Amino acid sequence: MEYGYYHRHLNTDAVGRYDVTPLFADQQVFDNLVRDLGRSAPGDCTHVGGVEALGLVLGAAVARDLGCGFVPVRKGGKFPLRDEDLYRRQLTDYSGQTKTLELARGLLDAGDKVFLVDDWIETGAQMWAACHLVEDAGAAVAGVSVLRAHRDERTRDLFERYDVTSIG
Ligand SMILES: O=P(O)(O)OC[C@H]1O[C@H](OP(=O)(O)OP(=O)(O)O)[C@H](O)[C@@H]1O
């Protein structure tokens, strides 16, 4: 589906950014979105990763659709794990806030190929951190897929370094 199809179904009457959750509530739209997000995944990807919170919803559904495992990239402090059991990256995203993303050690092995999914990319800070967490774990980034991505100075490094696909 084209981006316009999804745009018609999301809620633009929102504060600061669009609310994409109506895309999840409609079974047919959600099914199309999950299939479209997974379209650019390479055949040999072993896992799908998703960034908390909405990336967990989308990533888990794409993983199920592709027949891959799913790895959550969580916001700081959410894993009930000790510091030494986590990979951790700090970033400043579109909101101007400094945030931490974490990935649990032991979920990924060297040789794993992780396809990362999220709803949107504005500065790319969260996706950049998520890609680095996958690499910190010794795995490789097998591509990135989002509904919407801004392509500008802020996201140039992300697009140059990784295979990023966006529907719109
Ligand atoms: O490109 P960036 O500047 O990093 O911004 C994009 C990120 O911000 C949003 O997540 P948010 O932390 O707002 O959480 P949410 O998934 O709960 O909406 C979105 O889901 C991306 O993860």
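Modeller: Start with the word pocket. On a 1 Å grid over the protein atoms alone, a pocket is an open set of points with protein on both sides within 12 Å along at least five of seven lines, and a lining residue has an atom within 4 Å of a point. By that rule, Y3, L10, G16, R17, Y18, V20, W120, E122, L147, R148 and H150 line the second largest pocket. The model is predicted: local features need pLDDT of at least 70, side-chain atom pairs count only at pLDDT 80 or more, and totals for chains, interfaces and linings use all residues. Residues are numbered from 1 along each chain as its sequence is written, and side-chain values use heavy atoms, leaving out hydrogens and water.

Colleague: What is the volume of the second largest pocket?

Modeller: About 230 Å³. A volume is the space filled by probe spheres set on the points, with grid points joined across faces, edges and corners. The largest pocket has about 280 Å³.

Colleague: Which residues lie nearest the centre of the largest pocket?

Modeller: Y94, D118, D119, W120 and Q126, out of 20 lining residues. Helix 4 (54-66), strand 5 (113-121) and helix 5 (125-136) each give two or more residues to that lining. Strand 5 gives the most, with four. Helices (H or I, at least four residues) and strands (E, at least two) are DSSP runs, numbered from the N terminus.

Colleague: How do the residues of the largest pocket's lining divide?

Modeller: Eight nonpolar, four polar and eight charged. Asp, Glu, Lys and Arg count as charged; Ala, Val, Leu, Ile, Met, Phe, Trp, Tyr, Cys and Pro as nonpolar; the others, Gly among them, as polar. The second largest pocket has six nonpolar, two polar and three charged.

Colleague: Where is A53 found?

Modeller: In the loop between strand 1 (47-51) and helix 4. The peptide bond from E52 to A53 is cis, with omega near 10°.

Notes
On a 1 Å grid over the protein atoms alone, a cavity is a set of points where a 1.4 Å probe fits but cannot get out, and a pocket is an open set with protein on both sides within 12 Å along at least five of seven lines; lining residues have an atom within 4 Å of a point.
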